[in-house]
Amino acid sequence: MNILILGSGGREHALAWKIAASPLTDKLYCAPGNAGIAQEAECVALDLGDHAAVVAFCRSNRIDFVVVGPEVPLVAGIADDLEAAGIKTFGPSKWAARLEGSKGFTKDLCKANNIPTARYRRFKSAAPAKDYVREHGAPIVVKADGLAAGKGVVVAETVAEAETAIDMMFGGGKDNPLGKPAWEIVIEDCLIGEEASFFALCDGDNAIALASAQDHKRVFDGDKGPNTGGMGAYSPAPVMTAAMNARVMDEIIQPTVRALKAIGAPYKGVLFAGLMITKDGPQLIEYNVRFGDPECQVLMLRLMSDLLPALIAARDGQLKHFDLRWYDEAALTVVIAAKGYPGAYEKGTVIEGLDAAAEVEGVEIFHAGTTTDGARILATGGRVLNICARGKTVREAQQRAYAAVDRIQWPGGFCRRDIGWRALERV
Ligand code: AMP
């Protein structure tokens, strides 16, 4: 088969690595890709916002299957446009992608279907939102509706902080991460517990659980500093016991799949539930309509089965009798980011030592934001490299990953030194 992956991050490099290894794959393309993905696939410079150009590329290169990595094209309806052109695509329709595109939509869906999630209210203006916050007190969580690359959420410790967040989200100021005033915000109760990422493949009717993972969102060691897209991850997540996995499937994932089918928006693709494991059980924090980045990288290292037939079965509505096998080993990834990230950072600095790092046993390196300049590898993004490793335990995976990190010479980069601490503390 000729396969096209859409995206350019560490998630897409991990998907490309796994799909390139499939005996079903004849030719693999990735658009736009990066310097690491270029080792697995032919990278093509397509604008993912231009759906007609993506369709035209698929037609002229006889693409049999498209795998969409990031959420932005999904929410914009790229799966609908590709399917309408007769091109099989892994990823939900625009209608189903509202699970990530609109927090209000998801909260209402949860409420109507008894899916456990924090109590909430939706607001279209600041004054009633502030009244609600004063009435309920802090801590309380303020969220902007719409995609915000993980930056549209404020967990307010005080009422004053929540009021500032409300003004910021409804105002169009430069500190507003949305870049424009929110048309709606959701205010919800603050959940207490341990967070985990849960993934399920869905085919519109059926869902099968993938492995669990945990990520580290804060930029500095000890989970301090501002939120990022994710500074590292590991799998499995010790908090996700077999019993907890079963509860999440029964109480959260299956009712969501049924509810979306009932409203005429069947969910096909990977459903990523951000969970809070509270003392009363799992609660849904949010849905994402694609693999997590960097969680995908550790899932791909642990997946023994061929990924491609599973993605095709999800698209074809054939997951019912499907089974996936996983390595028992743990996997962990350390993100190396450009100094300054998640704020402003320098681009174009030179990275060396990648080959030596890749020689460490059990290590796999996925690129997130790189380009080539002749034989040199240059950093182009905020999150630049994923140094991943498998090991018998999280500790062994962690030791291997950091041994590889220490072989990389990149003065312009930094990483956290404590990825996996929560899992190690439980041992
Ligand atoms: P989200 O973009 O909705 O995943 O939120 C980003 C982060 O904010 C989550 O990973 C949590 O750490 C935190 N968060 C979001 N909603 C809640 C909540 N209701 N209670 C506690 N923390 C939350």
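**Contacts, cores and a ligand**

Q: What makes the backbone oxygen of lysine 217 and the side chain of threonine 228 a polar contact?
A: The backbone oxygen of lysine 217 is 2.7 Å from a polar atom of the threonine 228 side chain. A polar contact is a pair of N or O atoms within 3.5 Å; within protein, one must be able to donate a hydrogen and the other to accept it, and residues adjacent in sequence count only if both atoms are side-chain atoms. At 2.7 Å, the pair therefore falls within the cut-off. The threonine 228 side chain also has a polar atom 2.8 Å from the backbone nitrogen of glycine 230.

A word on the model: it is predicted, so local features need pLDDT of at least 70 and side-chain atom pairs pLDDT 80 or more, while totals for chains, interfaces and linings use all residues. Residues are numbered from 1 along each chain as its sequence is written, and side-chain values use heavy atoms, leaving out hydrogens and water.

Q: Why is threonine 228 called buried?
A: Its relative accessible area is 8%. Buried means under 20%, exposed over 50% and partly exposed in between (1.4 Å probe, protein chains only), so threonine 228 counts as buried.

Q: Which residues does threonine 228 touch, not counting those up to four places away in sequence?
A: They are His216, Lys217, Arg218, Val219, Tyr341 and Pro342. Touching here means having heavy atoms within 4.5 Å.

Q: What makes a set of residues a nonpolar core, and which members of the largest one touch the most others?
A: Such a core joins buried Ala, Val, Leu, Ile, Met, Phe, Trp, Tyr and Cys residues through side-chain atoms within 4.5 Å. The largest has 51 residues, and Leu4, Met240 and Ile253 touch the most other members. Helix H9 (residues 242-262) gives the most to this core, with eight residues. Another core lies apart from it, with 43 residues, including Ala233 and Met300.

Q: What classes of residue form the shell around the ligand?
A: The shell has eight nonpolar, no polar and seven charged residues. Of its 15 residues, Glu188, Asp189, Leu191, Glu195 and Glu286 come nearest to the ligand.

How values were computed
Helices (H or I, at least four residues) and strands (E, at least two) are DSSP runs, numbered from the N terminus. A residue is near a molecule or strand if one of its heavy atoms lies within 4 Å of it. Ala, Val, Leu, Ile, Met, Phe, Trp, Tyr, Cys and Pro count as nonpolar, Asp, Glu, Lys and Arg as charged, and the others, Gly among them, as polar.
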